[in-house]
Amino acid sequence: MSTLPLNPPPHAPRIPLAQGERLVEARGLTVRAGRRELLSSVDMAVHASEIVTLIGPNGAGKTTLVRALLGILRPSDGEIWRRPGLRIGYLPQRMHVEPTLPLTVHRFLTLAYAADGDAVRAALAEVGAERLEHQLLSELSGGEFQRVLMARALVRNPELLILDEPVQGVDVSGQLDLYDLIAHIRDAHGCGVLLISHDLHLVMSATDRVVCLNQHVCCHGHPESVLRDPAYLNLFGPRAASGLAVYTHARGHDHAHHGRPPHAPDS
Amino acid sequence: MFDDFIWRALLGGIGVAVVAGPLGCFVVWRRMAYFGDALAHGALLGVALGFALDMNLNASTLLAFVVFTLALASLQAQRRLATDTLLGILSHAALALGLVTISFMERLRVDLMGYLFGDILAVTRTDLLWIYGGGVLILAVMVLLWSRLVSITVHEELARAEGLPVGTLRLVLMLLIALVIVAAMKIIGILLITALLIIPAAAARTFARSPEQMAVLASALGALAVLGGLGASLRWDTPSGPSVVVCAAVLFALTLAAESGWRRLRHAT
């Protein structure tokens with residue numbers, strides 16, 4: 001095969017990231033499947049130390065965009081630019097590991113990337129999963145598995161984290177914890193984060209920039225301004241904006257006790 | 001000592017079981033049991049062609065596999081029918097075509113039962129050469145590509161994102177399975193080969209905590225099933241393939257019982 005997009009040589013000299021440096025950029029990206037256009041001339045970029053959230057309804061082309069940024073999918077038109085030697089930590093959507101395959105967490109983390117034991121334990125500690133190191137993947141709960149996936153993305157010391165719906169199958173307080181964790185990782189590593197989500201409510205406080213996608217970029221910018229954007233309201237309906245008010249109000253309280261869905265009727 | 005057919009059968013059977021262990025794990029992990037079965041059915045067409053064209057049967061079987069795999073790939077590309085439907089059509093069409101072709105060859109005495117269910121007496125020195133030559137080749141490729149094959153089995157999309165040639169690796173795996181089927185055909189028989197791939201692997205899953213442990217354990221359990229099965233076959237004059245598979249199934253049942261016993265013990269304390 002020709003290129004190994006995510007595997008620069010393990011000991012390649014690393015050029016430290018400058019604050020706000022551009023990591024990856026799509027220019028006029030178009031992807032067609034047959035006659036259907038999955039993405040039409042999308043422009044977007046992710047920089048170091050920023051969290052960009054990509055939102056859009058089902059079938060909007062979010063995962064297609066991620067696959068193009070990762071280099072798995074060839075653009076029909078336009079181009080993808082990546083910082084030379086960019087290390088990407090990727091957490092795919094709806095990841096499922098066949099339960100008949102006996103794999104410990106440690107092995108899972110070192111399968112594709114030859115990390116030493118210290119690096120593995122450090123990555124697990126960072127996501128609060130160090131006690132899981134020698135468990136089998138098939139023995140983990142949904143939330144534990146999600147943390148292990150995060151550790152797997154971290155173990156290669158990524159400059160860009162791409163997380164495709166990282167909170168699927170996790171309850172609301174667990175989701176808030178995960179978003180706090182992502183923000184913490186960004187602060188500690190200075191890496192860029194691209195977060196894919198199908199709604200904005202819970203993810204909003206951890207986001208610097210929002211890109212709203214529906215085959216093309218409908219609107220983008222600061223979360224609050226996107227929420228008021230007519231294109232956003234048109235896509236998600238006015239309820240999407242009102243749900244947020246409840247959430248920002250509740251945000252002052254302790255998540256562990258009040259982390260219920262923003263629409264919860266009993267508050 | 002290789003003049004003795006018992007030794008040839010044992011050596012051949014154990015060789016096949018050792019190779020089938022790790023490959024069978026992949027068949028279980030990747031849910032390819034039906035693919036293996038379909039491919040094995042296609043082998044009969046290869047055997048029939050070999051007789052009709054007077055060529056080496058192993059070579060003609062490999063040729064049939066290539067045609068089979070290409071036909072499957074082109075039908076899959078049309079996306080009209082699900083893969084299991086396509087496999088069902090191809091596998092039974094190939095089996096039926098093989099049976100019809102063999103029925104035309106009146107002057108040739110083809111031991112059909114031997115090909116379908118395995119024949120302990122039929123293992124020749126040349127067969128042993130195929131089994132051990134092919135076996136060493138298969139194991140070498142597997143050792144070389146092991147962690148990459150495990151990676152694409154864990155998650156294809158992730159492996160692709162990490163730069164692995166997923167399509168090529170998948171093809172390599174299918175080829176290896178085809179090779180092991182050719183090697184095992186004489187001893188286990190076309191209709192039962194998949195059992196030797198999946199039963200030892202499934203039994204090994206209970207006790208394994210790593211892919212390598214499961215592979216080695218599957219090889220050992222497979223070899224044990226061959227020993228027991230061939231022993232029974234000699235003692236009671238039963239067909240060798242079914243005897244080996246019955247023995248493997250008994251081993252599988254024993255591991256199930258051992259697992260539930262172990263679990264009860266752990267909960268009791």
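Visitor: Where in chain A is A:Ser49 placed?
Guide: A:Ser49 sits in the loop that links β2 (36-47) to β3 (51-55) of chain A. Keep in mind that this is a predicted model.

Visitor: Why is A:Ser49 called buried?
Guide: Buried means under 20% relative accessible area. A:Ser49 has 17% relative accessibility, so this residue counts as buried.

Visitor: Is A:Glu165 buried or exposed, and how do you know?
Guide: Its relative accessibility is 7%. The limit for buried is under 20%, so A:Glu165 counts as buried.

Visitor: Why is A:Asn214 called partly exposed?
Guide: A:Asn214 is in strand β8 (residues 209-214) of chain A. Partly exposed covers the range between buried, under 20%, and exposed, over 50%. With a relative accessible area of 22%, A:Asn214 is therefore partly exposed.

Visitor: And B:Val246, why does that residue get the word exposed?
Guide: Exposed asks for over 50% relative accessible area. B:Val246 has 53%, so it is exposed. You will find B:Val246 in helix α11 (residues 240-268) of chain B. From B:Val246 to B:Gly13 there are 233 residues in sequence, and 15 Å in space from C-alpha to C-alpha.

Visitor: What makes up the nonpolar surface patch that includes B:Leu63?
Guide: B:Leu49, B:Leu53, B:Met55 and B:Leu63 form this patch of about 350 Å². Patch residues need over 30% relative accessible area. B:Leu63 has 48% relative accessibility, and this residue is part of helix α3 (residues 57-78) of chain B.

Visitor: Which residues lie nearest the centre of the largest pocket?
Guide: They are B:Arg30, B:Arg31, B:Met32, B:Glu156 and B:Arg170, out of 23 lining residues. Two or more lining residues come from each of α2 (33-53), α3, α4 (83-104), α6 (125-154) and α8 (166-188) of chain B. The pocket holds about 660 Å³ of space, and its lining has eleven nonpolar, six polar and six charged residues.

Visitor: What makes a space a cavity, and how many are there?
Guide: In a cavity, a 1.4 Å probe fits but cannot get out. Three cavities of 30 Å³ or more are counted.

Visitor: What lines the largest cavity?
Guide: Ten residues line it, and those nearest its centre are A:Ile88, A:Tyr90, A:Arg152, A:Arg156 and B:Glu162. The largest share of the lining, three residues, is given by β5(A). The volume of the largest cavity is about 60 Å³.

Visitor: Which residues line the second largest cavity?
Guide: Among them are A:Leu111, A:Arg152, B:Ser151, B:His155 and B:Glu162. The second largest cavity has about 40 Å³ of space, and α6 and α7 of chain B each supply at least two residues of its lining. By class, that lining has four nonpolar, two polar and two charged residues.

Methods. Residues are numbered from 1 along each chain as its sequence is written. Chains are lettered from A and ligands numbered from 1 in the order in which they are written. This is a predicted model: local features need pLDDT of at least 70, side-chain atom pairs count only at pLDDT 80 or more; totals for chains, interfaces and linings use all residues. Side-chain values use heavy atoms; hydrogens and water are left out. Patches are made of residues with over 30% relative accessible area and no salt bridge: like charges are joined within 9 Å, nonpolar side chains (Val, Leu, Ile, Met, Phe, Trp, Tyr) within 5 Å. Accessible areas come from the Shrake-Rupley method with a 1.4 Å probe; for residues, only the protein chains shown count as cover. A salt bridge is a side-chain nitrogen of Lys or Arg within 4 Å of a carboxyl oxygen of Asp or Glu. Helices (H or I, at least four residues) and strands (E, at least two) are DSSP runs, numbered from the N terminus. Buried means under 20% relative accessible area, exposed over 50%, partly exposed in between (1.4 Å probe, protein chains only). On a 1 Å grid over the protein atoms alone, a cavity is a set of points where a 1.4 Å probe fits but cannot get out, and a pocket is an open set with protein on both sides within 12 Å along at least five of seven lines; lining residues have an atom within 4 Å of a point. Grid points are joined across faces, edges and corners, and a volume is the space filled by probe spheres set on the points. Ala, Val, Leu, Ile, Met, Phe, Trp, Tyr, Cys and Pro count as nonpolar, Asp, Glu, Lys and Arg as charged, and the others, Gly among them, as polar.
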